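Subject: Handing over the structure

Hi there,

Here is the structure I promised to pass on to you. Please open it next to this email, and my notes on it follow below.

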Amino acid sequence: MQAISVQDSPLRILLIQTGPAMDVLSSLLASRAIAHHYPQAQLTFLTRESTASFAERSEWIDTVISIPRESKSISDISKFVSNVLESRFEVSVNWSSTRSSAILLDLIPAVVRLGRRIGLNGEFEDCDAWSMVMHSLEWGGIHQDIHIADMQTTQVLTALQIHVGESQEKSVVSRQLFRALTPALIPVWAQRPHGIRWVAIDGDDWERLALESAQQIVRRHGDAGVVWVGKKGPSVAMDRMISLTGKLELDQYIQVLSHCQWLITKDPVLASLASLLQVKVIMIADTGAALSAAPYGNGHLRIVTSHNLSPDFIHAVYSYGATEWMHNGKKDFLKHLEQLSVVADAKGVEVQRSRIRQPDEGGGVAYVDLLKHGTKKSEWDRIATARVLRSWLCGWVPEIDFDLAQIQVDSDLTVAIQKSFESWPVARRITLEAIQSAIALQGIAVERRSLRMMGIEEDQKIRDIGAKIAELEVLLTRLAQVETSLGPIVQMQRLLMHNLPGSGLSELAISTQQVWEMVGQALDLHEELAHKMPTQVRTLKSREPRKTHLRLVERD
């Protein structure tokens with residue numbers, strides 16, 4: 001491990017993000033946290049020209065470098081960043097999945113590298129475990145409740161704690177996150193009435209419902225006004241309603257949103273921009289939408305549904321959030337709906353409120369179900385998977401009571417978990433046999449210091465053990481097709497095996513044992529979460545495992 005001395009020089013950090021606007025905004029959220037914890041850091045943000053304006057306006061970014069297009073050759077890329085190639089960074093991190101960003105991570109000198117790079121075989125490889133997780137999320141199959149900005153933050157802060165030392169926190173001014181702007185004033189906005197609580201509404205893709213919802217807000221709240229943003233909106237004249245659709249550049253978006261109390265939108269890019277400005281957001285998302293597309297921060301509201309919404313319901317969500325300063329989030333949301341006579345409109349809808357958790361709760365942003373529906377099995381899996389990822393990559397998990405508080409147990413969840421854990425004994429036996437096989441490989445490596453000294457018999461033993469471990473991995477994958485809770489564990493296990501550290505037989509055998517022990521730890525964490533739940537779930541171990549067609553590899 002290489003320590004970084006920054007006593008006589010600045011802590012220079014290069015952040016590479018050449019993805020779309022949504023990815024850039026998430027990375028800026030993470031970079032703001034880095035600047036908060038390490039105020040001595042000089043942050044350089046490398047991105048595309050099309051998204052460079054976001055970083056250029058971020059107060060905590062010291063230098064912005066832009067590349068004009070997605071170039072793949074080393075010579076083409078290096079000419080755009082020639083001034084950076086002569087620099088030396090203490091830490092560089094690539095948060096993108098493009099080939100150009102991976103090449104840049106290797107080209108630019110740095111003491112510590114994180115993220116995705118190009119391996120010796122010309123293919124992508126990950127420098128650290130958090131990078132493996134983040135890129136596996138892009139492939140699908142791992143559903144968990146850690147926001148991508150929290151992953152990026154933890155990835156870099158962990159490296160800084162190891163190589164630099166503990167952080168020195170500083171305050172961040174809420175409404176001055178972007179550098180002073182002098183955009184051309186929009187006359188209609190400059191002449192807006194003052195003393196109004198402005199609500200920005202992006203009505204793209206839901207124009208009629210947005211208009212009816214806006215009318216409800218203006219009619220029922222005498223201190224509220226609506227400003228239309230986005231590409232298109234209604235052409236309607238109404239008191240305390242302003243239309244700026246199709247007229248705004250980035251600077252003007254920032255100018256307008258920074259004077260609003262709320263944004264209502266379906267657009268994750270606008271939601272992320274508003275959250276950077278610390279404007280409260282009501283985000284309308286489809287069922288199954290990833291948490292990484294949710295606004296980051298305290299007090300945002302997220303409506304998740306595949307059903308049609310009513311303007312009365314959207315108004316009810318807004319009125320709950322707008323009056324939170326009175327009830328401090330303690331008012332029961334269902335009672336709020338009852339008072340407004342819109343309980344029936346909540347059928348098939350989830351309403352979630354964001355909060356930043358304390359460090360002992362796991363940190364980061366979490367979304368809490370305000371309607372307190374029974375927790376679905378897929379949601380339970382996400383919570384369990386997040387505990388596994390924190391255990392594997394951070395070395396600790398929050399107190400289990402904090403995760404249990406997110407779970408609303410009902411009979412459907414109980415039955416689903418009981419059925420799920422019928423496959424666990426098989427998974428444990430597969431894991432145990434894989435660990436024993438890895439230990440056997442280590443024994444052979446100890447007996448023979450070099451592969452060149454091995455005879456035909458020892459060489460065949462190694463091949464047989466390797467084939468057995470591969471077959472066990474196939475069996476676990478097939479079991480995950482039956483029991484979806486195992487899916488994220490299996491996907492991460494395969495990623496870890498693909499990036500197995502070590503050069504000789506002994507090192508590879510030890511690494512293989514460690515990976516399979518992590519699988520066993522993941523099974524333990526799932527079981528712990530289940531057995532700490534109410535009594536109807538605690539009988540899991542007493543149930544007989546169901547019969548399975550999977551045949552385990554027999555040991556000689």
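Let me begin with a cysteine: Cys260 counts as buried, at 0% relative accessibility. Here buried means under 20% relative accessible area, exposed means over 50%, and partly exposed is in between, using a 1.4 Å probe and protein chains only. Cys127, by contrast, is partly exposed, with a relative accessible area of 28%. The number of disulfides comes to 0, where a disulfide is a pair of cysteine sulfur atoms within 2.5 Å.

Before you go further, please note that this is a predicted model: local features need pLDDT of at least 70, side-chain atom pairs count only at pLDDT 80 or more, and totals for chains, interfaces and linings use all residues. Residues are numbered from 1 along each chain as its sequence is written, and side-chain values use heavy atoms, with hydrogens and water left out.

Now the overall picture. The chain has 21 helices and 14 strands; these are DSSP runs numbered from the N terminus, with helices being H or I of at least four residues and strands being E of at least two. It has 556 residues, and 54% of them count as buried. Taking contacts (heavy atoms within 4.5 Å) between residues at least 6 apart in sequence, 65% join residues at least 24 apart. The accessible surface is about 25700 Å², with 49% of that belonging to carbon and sulfur atoms; the areas come from the Shrake-Rupley method with a 1.4 Å probe, and for residues only the protein chains shown count as cover.

Next, the interior. A nonpolar core is a set of buried Ala, Val, Leu, Ile, Met, Phe, Trp, Tyr and Cys residues joined through side-chain atoms within 4.5 Å. The largest one has 116 residues, and Leu28 and Trp380 have the most contacts inside it. Helix α21 (residues 505-531) gives the largest share of this core, 10 residues. Leaving aside neighbours within four places in sequence, the contacts of Leu28 include Phe45, Phe54, Trp60 and Leu276. There is also a second, separate core of 35 residues, and Ala214, Ile264, Ala316 and Leu371 are among them.

What about the aromatic rings? The structure holds 5 aromatic pairs. Rings of Phe, Tyr and Trp (its six-membered ring) pair if their centres lie within 6.5 Å; planes under 30 degrees apart count as stacked, over 60 as edge-to-face and the rest as tilted. One of the pairs is Trp189 with Trp198, which is edge-to-face at 5.6 Å centre to centre and 65° between the planes. Both Trp189 and Trp198 are buried. Trp380 and Phe421 have ring centres 6.2 Å apart and planes at 80°, so this pair is edge-to-face too. Trp380 lies in helix α15 (residues 377-394) and Phe421 in the loop between α17 (411-420) and α18 (424-447), so the pair ties together parts that are 41 residues apart in sequence. Trp380, Phe421 and Trp424 form one aromatic cluster.

Two arginines also meet rings. A charge sits over a ring if NZ of Lys or CZ of Arg is within 6 Å of the ring centre and within 35 degrees of the ring normal. Arg192 has its charged end over the ring of Trp189, 4.3 Å from the centre, and Arg302 lies over the face of Tyr367, 5.8 Å from the ring centre.

Finally, have a look at His300, in the loop between β11 (280-285) and β12 (301-305). His300 is buried, with a relative accessible area of 3%. Not counting residues up to four places away in sequence, His300 touches residues including Ser275, Lys280, Arg353 and Tyr367.

Best wishes
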